[in-house]
Amino acid sequence: MTRLFILILSLTFMSCKTNSTQQTLTSPTVYGDLINSQKLKEHLYIIASDSLEGRMTGSIGHEKALDYIENYYQEIGVQGGMPDNSYLQTIPGSYFQRGNDFPDSYNLLGFIKGSEFPNEVVVISAHSDHIGVRDDGEIFNGADDNGSGTVGVMEIARAFKKAEEDGNGPKRSILFLHVTGEEIGLFGSRYYTENPIYPLDNTICDLNIDMIGRIDPDKASNPEYVYLIGSDKISTELHEISEAVNTHYTLLELDYTYNAPDDPNRFYYRSDHYNFAKNGIPIIFYFNGVHEDYHAIGDTPDKIEYDLLEKRAKLVFYTAWEVANKEDRLSID
Ligand SMILES: [Zn+2]
């Protein structure tokens with residue numbers, strides 16, 4: 001990290017604490033602390049419940065999940081991100097390449113308008129779909145994949161909304177983007193980037209969460225970690241901000257194992273951030289790695305590490321906070 005960068009970052013933090021001339025600005029921890037394991041757990045026991053039947057793209061269960069998220073945003077005052085302030089971007093069934101009878105499905109957009117640079121948009125994304133029900137009727141609840149990312153985004157939205165209500169809203173706009181169709185081919189994020197509601201030219205970054213509630217067996221002896229993928233690929237500055245906020249607030253081990261260009265898992269290409277990255281938009285992919293219940297019926301909410309989920313969601317929140325509130329637009333290499 002450069003000396004200049006440390007200076008800029010510390011100024012941003014300091015101004016949040018000491019500026020009292022225009023409005024009472026507060027440390028971001030006032031809002032980050034709102035993200036808590038109990039709330040995340042309450043949401044996740046609904047999102048990953050049997051009644052949502054594994055949230056297969058286009059299914060009734062998936063639409064129930066979207067109803068729950070939309071109702072929550074209405075309740076906390078986060079408006080829809082569509083041009084008429086509604087929440088759903090409809091994707092025609094034909095787009096999913098699964099035959100003529102495949103139903104329409106939906107991306108869900110929550111939005112908080114920036115106070116100084118409203119046209120510049122920070123995207124925080126997570127896919128809301130999972131893989132449904134097996135032939136024998138067993139349900140894939142997808143609590144980690146990607147109930148964990150879904151509820152993380154919901155709570156990050158609540159924290160930003162409270163900040164806005166206190167007069168500390170983000171300078172740049174934030175789009176809370178719950179994409180569909182990930183499990184069947186990253187379709188929702190691809191559709192969004194082909195039909196963006198906010199121009200990609202002014203899309204500052206995408207912080208994408210896909211599985212942040214479990215522990216990789218390889219990390220059992222050091223569970224306070226998260227794998228970060230892609231953070232340094234397009235914007236070195238984004239990578240440096242991510243590192244700095246972690247040092248300042250969350251103190252997780254940021255593990256870059258899967259960021260290696262020759263990593264055989266190719267995770268960089270395997271979740272929704274990739275549709276932003278391929279358009280030159282800086283991204284970070286937050287991921288806990290795979291485990292015995294990955295894409296298995298054992299991915300249930302009772303096995304989620306809620307304190308760790310909270311901490312990882314906070315890392316995303318503080319990174320978004322810094323990118324959204326910094327004086328200068330995030331630079332691209
Ligand atoms: Zn996933």
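Guide: On one side of the contact stand Ser-148, Gly-152, Glu-155, Ile-156 and Ala-159 of helix H5, and these meet Leu-309, Ala-313, Val-316, Phe-317 and Ala-320 of helix H9. Sorted by class, the residues in this contact of H5 with H9 are seven nonpolar, two polar and one charged. Please keep in mind that the model is predicted.

The geometry of this pair can be described next. Helix H5 covers residues 143-165 and helix H9 covers residues 306-325; their axes lie 10 Å apart and form an angle of about 50°. Angles from 35 to 65 degrees fall between the roughly parallel and the roughly perpendicular classes, and H5 and H9 are therefore oblique to each other. The crossing of H5 and H9 is right-handed.

The peptide bond between Asp-145 and Asn-146 is cis, with omega at about -5°. Asn-146 itself belongs to helix H5.

Helix H9 has a further partner, helix H7. The axes of H7 and H9 come within 9 Å and cross at roughly 125°. That angle makes H7 oblique to H9. Here, too, the crossing is described by its hand: H7 passes H9 in a right-handed crossing. From H7, the residues Ile-241, Ser-242, Val-245, Asn-246, Tyr-249 and Thr-250 take part, and they meet Lys-311, Lys-314, Leu-315, Tyr-318, Thr-319, Glu-322 and Val-323 of H9. By class, this contact of H7 with H9 comprises six nonpolar, four polar and three charged residues.

Leu-251 lies in the loop between helix H7 (236-250) and strand S8 (253-255). Although Leu-251 is not a glycine, its phi is positive, at about 50°. Is Leu-251 buried or exposed? Leu-251 has 11 other C-beta atoms within 10 Å, and it is therefore exposed, since a residue counts as exposed with 12 or fewer. Arg-266 is placed in the loop between S8 and helix H8 (273-277). Its phi is near 50°, again a positive value in a residue other than glycine. Arg-266 is exposed, because 11 other C-beta atoms lie within 10 Å.

The buried residues of H4 are Gly-61, His-62, Ala-65, Leu-66, Ile-69, Glu-70 and Tyr-73. These buried residues pack against H5, and also against helix H3 (37-47), strand S3 (105-112) and strand S5 (172-179). With 17 residues, H4 reaches 24 Å from its first C-alpha to its last, which is close to the 24 Å expected at 1.5 Å a residue.

Within helix H4, which spans residues 60-76, one also finds Gln-74. Gln-74 counts as partly exposed because it has 13 C-beta neighbours inside 10 Å. Gln-74 and Gly-110 are separated by 36 residues in sequence, while their C-alpha atoms are 9.4 Å apart in space. After H4 comes Gly-77, whose phi is positive, near 90°.

How values were computed
Residues numbered from 1 in each chain as written. Predicted model: local features only at pLDDT ≥ 70, side-chain atom pairs only at ≥ 80, totals over all residues. Helix = DSSP H or I, 4+ residues; strand = E, 2+ residues; numbered from the N terminus. Buried ≥ 20, exposed ≤ 12 C-beta atoms within 10 Å, placed from the backbone. Axes fitted to C-alpha atoms, helices over the stretch in contact; angles between N-to-C directions. Parallel < 35°, antiparallel > 145°, perpendicular 65-115°, else oblique. Left-handed = near helix turned anticlockwise from the far one by under 90°. Contact = placed C-beta atoms within 7 Å. Nonpolar A, V, L, I, M, F, W, Y, C, P; charged D, E, K, R; others polar. Expected span 1.5 Å × (residues − 1).
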